[in-house]
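Okay, thanks for having me. Could we get the structure up on the screen, please?

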Amino acid sequence: MGTIYLSFAVGSLNDQMKKNVYLLFVFILFILQASAQCDHTLSGKVIDHHDRKPLEFAEVFIKELKRGALTDSLGNYKILNLCPGNYTITCHHIGCDSLVMHVEVNGNTIQNFYPEHHLHELGLVNIVTDREPQKLIVNSVEIKQKELDKLRGETFGQTLRNVTGVNTIQTGSSISKPVIHGLHSSRILILNNGIRQEGQQWGSEHAPEIDPFVATKLTVIKGANGVRYGSDAIAGVILVEPDKLRESAGIDAELNLVGMSNGRSGIVSGIINQNFKRISALSWRLQGTLKKAGNLSTPNYILKNTGVEEYNFSGGIGWNKPKYGVELFYSQFNTTIGIFSGAHIGNVTDLMAAIDRPEPLEKADFTYSIARPYQHVEHELFKAKAFVLTGNVGKLSLVYARQYNLRNEYDKEKPRNNALADLNKPELQFEITSHTLEVLWEHNSFNGFAGTVGISGMKQGNTYEGRYFIPNFSNYTGGAYWIERYTKNKLLLEAGVRFDYRHLQVYKYVNNVITSPEYIYQNMSGTLGLLYSINKKMQFSLNAGTAWRAPNVNELHSKGIHHGSATYEIGDEYLKPEKAINFVASLEYSSNDKLKIEISPYYNVINDFIYLQPKFPATVTISGAFPTFVYTQANVTLMGVDGQISYEFVPHLTVSEKLSILRAYNNTAKDYLIQMPADRFITTLSYDFESWKILNESFISINGVYENKQWRVPVNADYAVPPAAYFLLNAELGTTLQLKKLRLVISISGNNLLNTVYRNYMNRFRYYSDELGRNISLRIKIPINYSSNK
């Protein structure tokens, strides 16, 4: 087992030094436990801003501790047994805008709140500057900040791996992207800060260019959602949501440090927010992340050339008033990813031998250096958003975004005929620029009806240089949608309809003559759903939706080496659009927070489903021999069930079970559909400790993951048979230390603790190497708050 790195120094500790570090860590914890007392009190009043009357039943809540108090008839509240430090306090009362303040508790502290009744004052109904999220009828899962803190340092795809129904498709150990109910890439829409992520997302090895540290909440919406979010959302939608800009006067900041033993990686990420006391409408934010990792390791060997370097930053500024507001946001994502050298092979004989061999022929030592083959990717996002309340009936919003994506791909070796060329020049370069615009109007509740009407459009242009894989193209899309909700007592109904238009024009050479074929696609999407509360403990939801997806340019016109996945792919210009009908149901039961059950069956029919079919033999090029795949179509059915159950046997001790089961059938070939995830089961035993002195929110958990072998594949339909089933043991422990004015959130986790040797069917590099071995991670979060309130 390697050491944990919080810096980028190269080295390792011997066993004795590891023991000394461990004993020092335990000793420091022991000393800190006795250094502070958690007997302070936060109290005060909640008073109406306008008439200065006390407000009864207002909730004052401490975000970090997940506890609070309600006010009495005189507007008084009191929260006992607090450690000294800085806390984020929310105050909420029915009919008022919620308040957020950052309060320093040092001794017995008094903090009053003065919420405003904007809605009554303006004579409006259900209008707020930032609406509270409505209950989603569609099947969805939220990963909130507390859970995200336990996953910091993971890639975007890996962050979602424990959500039922969600897997990852990997290209080696450094590149992953989410899979929902067996579908991935362009069939999943990712909304980054409300903007549809646009880059080269068609590639299975083109991971989303998103810094996970930006998000304070991730929402996975499963099933067809083309009406609200646009065509292509056949599998679902992932919402990447940063925290709102600071609303109360003062400054807060957060520093995250992550070290991982496998790859000896170090990650530093920081964020700072400010709202001005004298200009309360003005807020700003800056954020940045640095990451460096070296060669990764399986249980038995080091994977050559698998290092990663990453630097990202973002900033936002907003001017928000009760009736109108404007926000600007900019982010840049930059990464250099080494591609495992053992996947790029010179001839067919060596390729087939590498697939049959239990270990790669190329051996490696640890290094941070990244050599050929590798990828370098840059992604920029600029967003401008404005809203205005439209009298007493609703809210009008306008969102514009520009995205620029640059992808450079470097082959393993420069071909000999290019020996005089610039050695730093990539063999293939993609540049794509996208401009999107959306205008939407949300109307307030009227006789139980509330809804949204919107239009959206995109202009997109892509160019390439170097070796041909896909042609230059321009892409224009437009859409209009209307969604209505009806609420009455225990019933919530939702219906929506959308029309989308797409014009794709391709520019490429055929027999040394440039041609520019055009493709025009248009179709309707619809959704109908209900949510019914059977009683206080149980609710049922059902959603039926239609969606469609036009073929991507790579599916139509690719012909060549797909660099990151180390495959040779061939498109078909006569492919038709996919058309899907999707049904998702969900039954949820909760009994006194002890027993929770959720079961979600789904049924998805997709006509003209586009997929990669292996073709034999492999293709030999000047760059080597590569497994060959061609794009083809079939009518398919995907059905399955996601489920989870948790039970608190005794106070603080909880056991939970999650399952994801999928059956995918190729109706055209009358056989199973290839490249679909196997059945997966996750069992977790966790214990939450009560607060003790300076230790808060302490926990320990043990996690077991069992993934079955994918038995349901056509015979002789791949270059290698599916790998065997496997079991992984993981564990995690953590606590929050309150050290007077300093607050530290610390956790240590271990993945694949048994150092199991295994391969995953959804990894494109399973032909050549095992999955990662044991990995120990240390995470430290340091929040800092300064309030300027009176």
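Let me start with a question: which residue in β34 is the bridge partner of Ser 600? The partner is Asp 642.

Before I go on, the housekeeping. This is a predicted model, so to speak of local features I need pLDDT of at least 70, side-chain atom pairs count only at pLDDT 80 or more, and totals for chains, interfaces and linings use all residues. Residues are numbered from 1 along each chain as its sequence is written, and side-chain values use heavy atoms, with hydrogens and water left out.

Now the overall picture. The protein has seven helices and 41 strands; both are DSSP runs numbered from the N terminus, helices being H or I with at least four residues and strands E with at least two. Of the 790 residues, 54% are buried, where buried is under 20% relative accessible area, exposed is over 50% and partly exposed is in between, with a 1.4 Å probe and protein chains only. Take contacts, meaning heavy atoms within 4.5 Å, between residues at least 6 apart in sequence: 67% of them join residues at least 24 apart.

Strand β33, residues 595–621, runs antiparallel to β34, residues 624–650, and the two share 22 bridges. For strands to count as paired, DSSP has to find at least two bridges between them. β33 and β34 form a hairpin, with two residues between them.

β34 then goes into another hairpin, this one with β35, again with two residues between the strands. His 652 sits in that turn, with a positive phi of about 80 degrees. β35 covers residues 653–666, and its pairing with β34 is antiparallel over 14 bridges. One of those pairs is Val 650 with Leu 653.

There's also a parallel neighbour: β31, residues 567–570, pairs with β34 over three bridges. Here Ile 570 stands opposite Val 630.

So what packs against β33 and β34? The buried residues of helix α6 do. The helix spans 348–356, and those buried residues are Leu 351, Ala 354 and Ile 355. Looking down the axis, they fall within an arc of 100 degrees, so they line one face of the helix; the arc is taken from the directions from the helix axis to the C-beta atoms. Turned away from that side are Thr 349 and Asp 356, both exposed.

Last stop, a different sheet. It's open, with three strands in the order β4-β1-β7 and mixed pairing. β4 and β7 are the edge strands, each pairing on one side only. β1 and β4 are antiparallel over five bridges, and His 40 has Leu 82 as its bridge partner in β4.
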